[in-house]
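Here is a short report on a model with more than one part to look at. Keep the picture in view as you read.

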Amino acid sequence: MSGAAAAGVVADGAIEDLRRLEIAVERDLFRFMLRLDTEAGEDALIKRQTQTQAFVLRQVQRRLEEAGEAVRSAAGARAVEAVEAVLGAPPSTLPLDVRTELDALVNGQMADVAAVFKAGAFEMRAAVAEGVLSGGSLADAVERVQGELRTTYRRAQAAVDAAIMAVGRRTVIAAAKDSGIPDLVYVYVGPKDVKNRPFCSQWVGKAVIDPENLDNGQGLPADDFCGGYNCRHSWAPAPIDDVVADGIPIYRSSGARYIVEV
Amino acid sequence: MPIEVKRTGTVPRFNADKAAKIIRAYVPGAILRRTDRGISSTGAPFAPYSKSYREKLIAGSEDTKVDLRLTGGLMNSIKGVVTTTAMQVAVTFAPDTGTSPQVSLGNGRAKRTGRRSPPHNVLGWYLHHGNGKMPPRPFMGLTTAEETSLAKLLRSANLWG
């Protein structure tokens, strides 16, 4: 099953649950209307309506707890499918060296992907609770939940994309470090525009000898993630002689210029 | 110069594994750096982007240099892969079936559309060879200068023994 299809199953299951809930709410309100004492005063009507809403809300919360648990328990499987959607194939079909790197990084990233789904479940609950509390229609809440599900899956995919990009950078740097080539440096390549993070603006067009010691201010390893999530840049390993010949300045992570004797 | 014939000792063996590691390390970095400078693997500058694509990049506040990079996913997937059976180094997109998120450009930002790009091996082939509408922008492979640089690295490494 593709990742998108799998997400559809999650969405369809949760939405189906909510649709049943919507019907139940309508039925409750209809019963309430049948029992309505037209002679009762406005205060009594409001009280009765508030009681019904509170009852409905409890039902909604209970069912959403169940739906949320289902979404959470499926998060691991969905995360794998989100990985497949990005890879275009099951991770098991990848070349061994790529798979090893992928496993190492994606396993670490899985927690993030699962957290995205978990946060999505909370968002969905909040959306319905708010819809009911504010007296809005549950159909609107269902629409909002559908939107949240789409957004949640996209967030999960974004986390996977970031992991795959990180694997790419890690594989290239690991191959460079394993090569035995003396005096390799890493040139920070990629776009130079107004969207650059401060880290990217600082390093683009420059070379560094130890990218693993840089701090991108995002709490993510700079050798794997460059400037952070969704960063468009890469580290390009190169022999120091070539970089000097190209006139690219070379630094240590401390920021001190690395002076090369030619 | 007379030929010296040794009758003792061991025959020097070519260290293919070491050579493969050097090639695997050098080639992806060379492609990334050169492509970033807008130079093709023939040594000539890349064909410029079309007017409409440049306008899209500007609308998305993106750098307009021809570097074949939007999300960076394709370029980040370039790797050297050593096949141990035949001891070959393949420079490829790994995973070759991998995709990048498709983005639309506008209002100064790149927004994910929810769709995915073609697989990197397909996208890479189109970019390298062109597709009739889009001119070829060959970026895989090495220029003569890069081959010279790689040869220098291989010579300076002790590959025999």
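## Confidence first

Chain B has a mean pLDDT of 89, and 95% of its residues reach 70 or more. This is a predicted model. For the complex, the predictor gives an ipTM of 0.91 and a pTM of 0.72.

## Chain A from end to end

Start with chain A. It holds 8 helices and 4 strands. Read from the N terminus, its elements run α-α-α-α-α-β-α-β-α-β-α-β. Chain A has 262 residues, and buried residues make up 39% of them.

Now look at the contacts inside chain A. Take those with a separation of 6 or more. Residues 24 or more positions apart account for 73% of them.

Chain A is divided into domain 1 (3-177) and domain 2 (184-251). Where the two domains meet, 8 residues of domain 1 are in contact with 11 residues of domain 2. On the domain 1 side, 6 of the residues are nonpolar and 2 are charged, with no polar ones.

## Where chain A meets chain B

How many residues does each chain bring to the contact? Chain A gives 40 residues and chain B gives 36 residues. On chain A, the elements that give two or more residues to this side are helices H3 (75-87), H4 (96-133) and H5 (138-177), along with strands E1 (184-189) and E3 (234-239). Which element of chain A gives the most? H5(A) does, with 11 residues. By class, the side of chain A that touches chain B has 21 nonpolar, 9 polar and 10 charged residues.

## A hairpin in chain B

Turn to chain B. Strand E3 (residues 101-106) and strand E4 (residues 109-116) of chain B pair over 5 bridges. Do they run in the parallel or the antiparallel sense? The pairing of E3(B) and E4(B) is antiparallel. B:Gly106 stands opposite B:Arg109 in E4(B). The hairpin of E3(B) and E4(B) has 2 residues between the strands. In this hairpin, B:Asn107 takes a positive phi near 50°.

Notes. Residues are numbered from 1 along each chain as its sequence is written. Chains are lettered from A and ligands numbered from 1 in the order in which they are written. This is a predicted model: local features need pLDDT of at least 70, side-chain atom pairs count only at pLDDT 80 or more; totals for chains, interfaces and linings use all residues. Two residues are in contact if their C-beta atoms, placed from the backbone, lie within 7 Å. Ala, Val, Leu, Ile, Met, Phe, Trp, Tyr, Cys and Pro count as nonpolar, Asp, Glu, Lys and Arg as charged, and the others, Gly among them, as polar. A residue is buried if 20 or more other C-beta atoms lie within 10 Å of its own, exposed if 12 or fewer, and partly exposed in between; C-beta atoms are placed from the backbone. pLDDT is the predictor's confidence in each residue, from 0 to 100. Domain bounds come from an automatic or database domain assignment. Two strands pair if DSSP finds at least two bridges between them.
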